[in-house]
Amino acid sequence: MLNKLYKYAVLTVVPAVFACALLLSSCSNTGGLLSKPKSWIGIELDPKAPTELTDLGADRLRPKKLWSDSVGEPEMLYSELRPYIADGAVYLAGADNRIEAWQLLDGKRIWSVKLQETISGGVNGGEEILAVGTEGGWVVALDTADGKEKWRTPLSNEVLALSQVRHGVIVARTNDSTIHALDIGDGSIAWRASRTPPPLTLQGASAPKVAGSAVLVGFDDGKLVAFSLLDGEEKWKTAVSFPSGRSELERIADIDGDIAYLDDAVYAANFNGRTVSIDILTGRMRWARDLPSHTGVAADGSRVYIIGTNDSVWALDQTTGATLWRQDKLLYRILTAPAAVGDYIVVGDGQGYVHWLSKKDGQLVGRHRVTRDAISSVPVVVGQRVCVLANNGSFTVLQQP
């Protein structure tokens with residue numbers, strides 16, 4: 001929950017505190033006001049209270065809880081560690097830097113491994129490996145069958161996010177705005193690319209997204225870049241928005257949320273900026289909306305879904321970017337990025353609820369409280385199942401009726 005709170009809190013930093021924070025951040029080799037807990041500079045949170053939930057009526061959707069368990073609260077909560085689900089298994093990182101594999105069907109534990117390093121990025125994988133990143137800058141790969149370590153590779157800085165494995169390669173994003181492509185056979189670095197981060201950024205980073213032969217990466221300066229998965233050559237670079245404003249605070253333009261792609265289009269959004277549609281082959285902007293977001297976007301066959309900075313939920317037309325609907329009954333509830341499931345989208349919130357909204361008109365049609373703690377990680381959809389990892393490490397599998 002801390003990472004999401006930071007992103008609200010940054011809007012209310014008083015000038016004197018902000019100047020102090022800038023001075024401290026200038027001493028860091030990675031920059032960034034928000035790389036430390038909010039308590040060290042006394043940031044005030046957004047004063048608006050979460051919107052109260054209303055009764056959905058007798059016809060509401062009633063999701064069924066299939067099972068739940070917990071891996072315990074991870075040490076680096078702001079990293080928003082996500083579950084990786086593949087081949088009927090769930091892989092999670094939790095308390096004591098432990099990585100566990102459970103059966104998706106019933107939650108039965110398959111294996112459990114404890115790392116000596118603090119886990120800061122992942123979990124992700126593919127092609128029979130599971131990978132996590134560490135605060136000390138390592139990528140550690142495990143065998144999905146038994147959790148045995150296969151290799152480990154040192155990178156340039158703390159690992160914030162990992163892509164899924166595609167074509168024998170996994171891509172890591174480190175805290176110094178560097179992208180590293182690793183061969184999953186032995187962990188050797190196939191190529192790397194980097195950009196100079198701005199002096200002030202939000203904590204965290206969006207995971208690199210592999211789309212065909214390209215790697216899509218959103219950077220802290222508001223640029224979306226497509227690299228060749230084969231050799232790291234830059235295919236194109238497009239500004240989601242240009243940093244503007246007189247202060248570094250106003251100029252924050254991080255692309256920290258989920259990037260979506262469908263067919264020949266990429267959809268992205270950034271903080272203090274816009275939501276855009278970009279041609280995946282050329283990098284040409286198709287449309288742009290002045291609709292900033294730090295959680296990112298989701299897309300299906302006809303719509304783009306996005307969470308606004310005040311937690312309004314939007315559906316946009318994929319072709320034009322025009323507003324199809326807007327839902328304001330979840331304002332200030334600290335929502336996750338959206339995920340699509342059947343005829344609905346689902347979002348988690350800061351009080352442990354999962355909400356179902358109709359794709360057609362945005363109406364709230366169902367909810368289920370899975371925990372008393374916040375949910376920051378976007379729900380993972382597997383068929384008609386919605387899998388939810390909360391900040392306290394509790395993991396719940398819900399069946400949609």
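First, the ground rules. This is a predicted model, where local features need pLDDT of at least 70, side-chain atom pairs count only at pLDDT 80 or more, and totals for chains, interfaces and linings use all residues. Residues are numbered from 1 along each chain as its sequence is written, and side-chain values use heavy atoms, with hydrogens and water left out.

So what does the protein average in pLDDT? That score is the predictor's confidence in each residue, from 0 to 100. The average here is 88, and 87% of the residues score at least 70. Residues 1–45 are a stretch to be careful with: pLDDT stays under 50 there, although the model has 88 contacts for them beyond four places in sequence. Contact means heavy atoms within 4.5 Å. Where pLDDT is low, the predicted coordinates should not be read in detail.

Now the sheets. When I say strand, I mean a DSSP run marked E of at least two residues, numbered from the N terminus. Two strands pair if DSSP finds at least two bridges between them.

Let's take an open sheet of four strands, in the order E1-E32-E31-E30, with antiparallel pairing. Strand E1 (64–70) and strand E30 (380–382) are at its edges; each has a single partner strand, so one side of each has no neighbour in the sheet. From one strand to the next, the twist averages 20 degrees; for these angles, axes are lines fitted to C-alpha atoms, and the angles run from 0 to 180 degrees between N-to-C directions. E1 and strand E32 (residues 394–399) run antiparallel and are joined by six bridges.

Three bridges hold E26 and strand E27 (residues 344–348) in an antiparallel pair, and the bridge partner of Val-341 in E27 is Tyr-344.

There is also a hairpin to look at. Strand E10 (residues 159–162) and strand E11 (residues 169–174) pair in the antiparallel sense over three bridges, with Ala-161 partnered by Arg-173 in E11. Six residues lie between the two strands, and His-167 in the turn has a positive phi of about 55 degrees.

Next, the cores. A nonpolar core is a set of buried Ala, Val, Leu, Ile, Met, Phe, Trp, Tyr and Cys residues joined through side-chain atoms within 4.5 Å. Buried means under 20% relative accessible area, exposed means over 50%, and partly exposed is in between, using a 1.4 Å probe and protein chains only.

Which residues touch the most other members of the largest nonpolar core? They are Tyr-91, Ile-99 and Trp-111, out of 17 residues. Strand E3 (89–93) is one of the elements that give two or more residues to this core, and E3 has the largest share, three residues. Leaving out residues up to four places away in sequence, Ile-99 touches, among others, Trp-111, Leu-130 and Leu-142. A second, separate core has 14 residues, including Ala-337, Val-370, Ile-375 and Val-388.

Val-90 sits in strand E3. Is Val-90 buried or exposed? At 0% relative accessibility, Val-90 is buried. Beyond four places in sequence, its contacts include Pro-83, Trp-102 and Phe-395.

Thr-238 is in strand E17 (residues 234–239) and is buried too, with a relative accessible area of 10%. The C-alpha atoms of Thr-238 and Lys-223 are 5.6 Å apart, while the two residues are 15 residues apart along the chain. A polar atom of the Thr-238 side chain lies 2.6 Å from the backbone oxygen of Gly-283.

Gln-318 is buried, at a relative accessible area of 12%. Setting aside neighbours within four places in sequence, Gln-318 is in contact with residues including Leu-262, Trp-287 and Arg-303.

Conventions:
Polar contact = N/O pair within 3.5 Å; in protein donor to acceptor, adjacent residues only side chain to side chain.
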